[in-house]
Every structure is written in structure tokens, then in C-alpha cells.
Amino acid sequence: MKNRVKLLILIITIVLIHSCKEVVAPTVITSEVTNITGTTATCGGTITDEGSGEIVFRGVCWSSTPAPTNLDNNTYDGDSIGTFISNMSDLMGATTYYVRAYATNVTGDYGNSTGYGNTITFTTLGELPIAETYPAINVAKTSATLNGTVKA
């Protein structure tokens, strides 16, 4: 009977210790935004600590509203600790965006946790001009007058 009680106490202790494990998010730093165009930009980040579990996702997330999350527009750029580069695309011209790096770890039975880097703001370049062409006039054997306009 004494051994059963000791075994029961040991099992309860193990369960309590495992159920109290803290889930810690990865530590992430957002890199500078570069190569900004009207529809694309480059960013990235550095994961300096994977937290309480192995990294399963990393990338950047962005939005035209503050505090983007990985549920907003995002990239997937691997699953390891260290530095990575992300290419954002399908951006709107002349728009201010908020971007930050993220990393998600997994801690087995305890779930996962996502850590975010600092938020950086950038503005895409204005939209490209639109060219309209019109029919040529004064068409001759060796010449013609071409017509068109460029809208800013």
C-alpha cells in the first residue's frame, strides 16, 4: 500500500511539473526596409532566441494599419534561428505600411507562441505613370506623326 501511495504522489508531481511549463515566445528583431518600389519592398529579421520551443515559422507581416500580425499579409521564410530576408509584394503604390518580423515556435503538448520584432513604417513609391497612345496621323511612305499622353 505504501508503494502505491508513493507511486501516486510521484505521478501527480510529474503531471504538475509538466503542466506548469512556461511557454516563451521567440525573440525577434526587425531589419531595415530596403528596395522600396511602388509594389514591392524587402525586409527581414533576426531571431536571437527561439524561446521555449523549436522555430516552425519565420517571416515578416505587414498591414496598412499599426501592429500587423502573422494573420495579416505575411511571408514564410524558413524555420530556423538566425537572420533571414523577406520579399514583400502586391503592395499598393503611395501607401504607408507597418511591417515587423515574426517567429513562431512549437512546444509540444504546450502549444506554440509567436514573437514579434519592432514595427517599422515605410511608404511605397507613387504609382507608375499611365501612357495612352492615339492613332498615328500624317502617315506617309517614310514618316508618320505619333500621338500620346502620359498621365501622372
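Modeller: In this predicted model, a residue is called buried when its relative accessible area is under 20%, and exposed when that value is over 50%.

Biologist: Is Y97 buried or exposed?

Modeller: The relative accessible area computed for Y97 is 7%. Because the cut-off for burial is anything under 20%, Y97 counts as buried.

Biologist: How are the rings of Y97 and F122 arranged as a pair?

Modeller: The ring centres of Y97 and F122 lie 5.7 Å apart, and their planes meet at 25°. Since planes under 30 degrees apart define one class of pair, the arrangement of Y97 and F122 is stacked.

Biologist: How many residues apart in sequence are the parts that Y97 and F122 tie together?

Modeller: Y97 belongs to strand β6, residues 96–106, whereas F122 belongs to strand β8, residues 120–123. F122 is buried, with a relative accessible area of 5%. The pair therefore ties together parts of the chain whose separation in sequence is 25 residues.

Biologist: What kind of pair do the rings of F57 and Y76 form?

Modeller: The centres of these two rings, F57 and Y76, are 5.8 Å apart, with an angle of 75° between their planes. Because an angle over 60 degrees sets the class, the pair of F57 and Y76 is edge-to-face.

Notes:
Residues numbered from 1 in each chain as written. Predicted model: local features only at pLDDT ≥ 70, side-chain atom pairs only at ≥ 80, totals over all residues. Heavy atoms only, no water. Phe/Tyr/Trp six-rings, centres within 6.5 Å; stacked < 30°, edge-to-face > 60°. Helix = DSSP H or I, 4+ residues; strand = E, 2+ residues; numbered from the N terminus. Buried < 20%, exposed > 50% of the residue type's maximum accessible area, 1.4 Å probe, protein only.
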